[in-house]
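Here is a briefing on one protein model. Look at the sequence and the fold first, then read on.

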Amino acid sequence: MKMISIVLFLSMLLLIMYLVLPSFSGDPGTAISGAPNIYCMAGSDNSIFQKKRKKSEIPLPLPKYRGSLTVEEAIKKRRTIRNFSSAVSLNQQMVSQILWAAQGITEKGGDKRSIASAGALYPLDVYVLVGNKGVDGLAAGLYHYHPSENKIQLCIQGDLRKKVAEAALSQTWIAHAPIIIIITAEYTRTTKKYEERGRRYVHMEVGHAGQNIFLQAEALGLNAGIVGAFQDENLKETLKLPLSYDPLLIMPVGAGN
Ligand SMILES: Cc1cc2nc3c(=O)[nH]c(=O)nc-3n(C[C@H](O)[C@H](O)[C@H](O)COP(=O)(O)O)c2cc1C
C-alpha cells in the first residue's frame, strides 16, 4: 500500500513538472529548438496549454476585405513565380492577409473558414516561416497560425529558409522569399469520419488553400511559388512538427525583383 502511494506521488510530481516547468516540456518561448513544440499543436487546447501558448502568441492586424484587384484579375494574373527580392520586407498586414486567405475565419461569431472543408473538420494547419528581416517587427522563425484568434505563435526561433530549401530537394530559390507558408495535415481529423476517402478530401482542401494564397498574393502585388517536391521526413524534422502532422505544401511569398 505504501509502495503504491509512493509511485502515485512520483507520477503526480512528474506530471506537474511536465505541465508547469517550461524547460521540462519545451516551452516555445525559450527551448525553441529540440523537442516537438506541443504548444504549437492546434489540438492542445486545454486551459493549461492555452496559458502557456498565450506567452508566445502575437496578434495580427485584422484582414481587410477589400483590395485593389478583382477576383477575375487575380485569377488571370496568377503564376508560379520563383524570384523574390530579399531587400523588400513584408508588413504584418500582408502576413495576416495571406494566412487568412489560406485558413482564416470568415463568419462573424462562427468558425467557418476561407476554404471549404469536408464535414467542417479542418484537418489543415498553416505555418509561416519568417526569414531574417522578412517581416517588419517579426523575428525570424517558424510561427503557427491560430485562425480563431487571428494570432501567430512562435514555435522555433531562427532563419530556417535554407534548411527548408534543402529539404525541398535543394530548390534554392525558395530561400530567397521573405516568408514561406507551410501547410500540414492531420489526416485523422477527417478520416475518423470519412475513413480512407478522407485522405482524398484533405488533399482537395490543401489545393483550395494553395489557390487562395496565390490569389491573395496577386491582390497584394506579391509573388508566390508552390512546392510539392520535398522530403517529408527531412521537412518534418526541420520544423519539429508533431508526429501526426504531415507537411503537404510549401509556398514561398514575397515582393518581386
Ligand atoms: C502540387 C504542385 C506541386 C508543385 N511543385 C513544384 C515544385 O516542387 N517546384 C517548382 O518549382 N514548381 C512546382 N510547382 C509549380 C508548377 O511547376 C507550375 O504550377 C506549372 O509549371 C504551371 O505554371 P503556373 O503555376 O505559373 O501556371 C508545383 C505545382 C503544383 C500544383
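Tyr127 lies in strand 2. Strands here are DSSP runs of E with at least two residues, and helices are runs of H or I with at least four, both numbered from the N terminus. This is a predicted model: local features need pLDDT of at least 70, side-chain atom pairs count only at pLDDT 80 or more, and totals for chains, interfaces and linings use all residues. Residues are numbered from 1 along each chain as its sequence is written.

**Tyr127 and its surroundings**
- Tyr127 is buried, because 24 other C-beta atoms lie within 10 Å. A residue is buried if 20 or more other C-beta atoms lie within 10 Å of its own, exposed if 12 or fewer, and partly exposed in between; C-beta atoms are placed from the backbone.
- Which residues touch Tyr127, leaving aside its neighbours within four places in sequence? They are Leu142, Tyr143, His144, Tyr145, Ile182 and Leu239. Two residues are in contact if their C-beta atoms, placed from the backbone, lie within 7 Å.

- The protein has 9 helices and 7 strands.
- An open sheet of 7 strands runs in the order 1-4-3-2-5-7-6, with antiparallel pairing. Two strands pair if DSSP finds at least two bridges between them.
- Strand 1 (57-59) and strand 6 (223-224) are the edge strands, and each pairs on one side only.
- Strand 2 (residues 124-130) and strand 5 (residues 179-185) run antiparallel, joined by 7 bridges. In this pair, Asp125 stands opposite Thr184 in strand 5.
- Helix 5 (residues 92-103) packs on the sheet and touches strand 2, strand 3 (141-146), strand 5 and strand 7 (246-254). Its direction makes about 160 degrees with that of strand 2. Axes are lines fitted to C-alpha atoms, for helices over the stretch in contact, and angles run from 0 to 180 degrees between N-to-C directions.
- Helix 8 (residues 197-219) also packs on the sheet, touching strand 2, strand 5, strand 6 and strand 7. Its direction makes about 5 degrees with that of strand 7.

**Strand 4 and its partners**
- Strand 4 (residues 151-157) is mostly covered, with 5 of its 7 residues buried.
- Strand 1 pairs with strand 4 in the antiparallel sense over 3 bridges. Glu57 stands opposite Gln153 in strand 4.
- Strand 3 pairs with strand 4 in the antiparallel sense over 6 bridges. Leu142 stands opposite Ile156 in strand 4.
- Strand 3 and strand 4 form a hairpin with 4 residues between them. In the turn, Asn150 has a positive phi of about 50 degrees.

**Two loop residues**
- Glu195 lies in the loop between helix 7 (188-194) and helix 8. It is not a glycine, yet its phi is positive, about 55 degrees. Glu195 is exposed, because it has 9 other C-beta atoms within 10 Å.
- Lys240 sits in the loop between helix 9 (232-238) and strand 7. Lys240 is partly exposed, with 18 other C-beta atoms within 10 Å.

**Confidence**
- The mean pLDDT of the protein is 87, and 79% of its residues reach 70 or more. pLDDT is the predictor's confidence in each residue, from 0 to 100.
- Over residues 15-36 the pLDDT is below 50.
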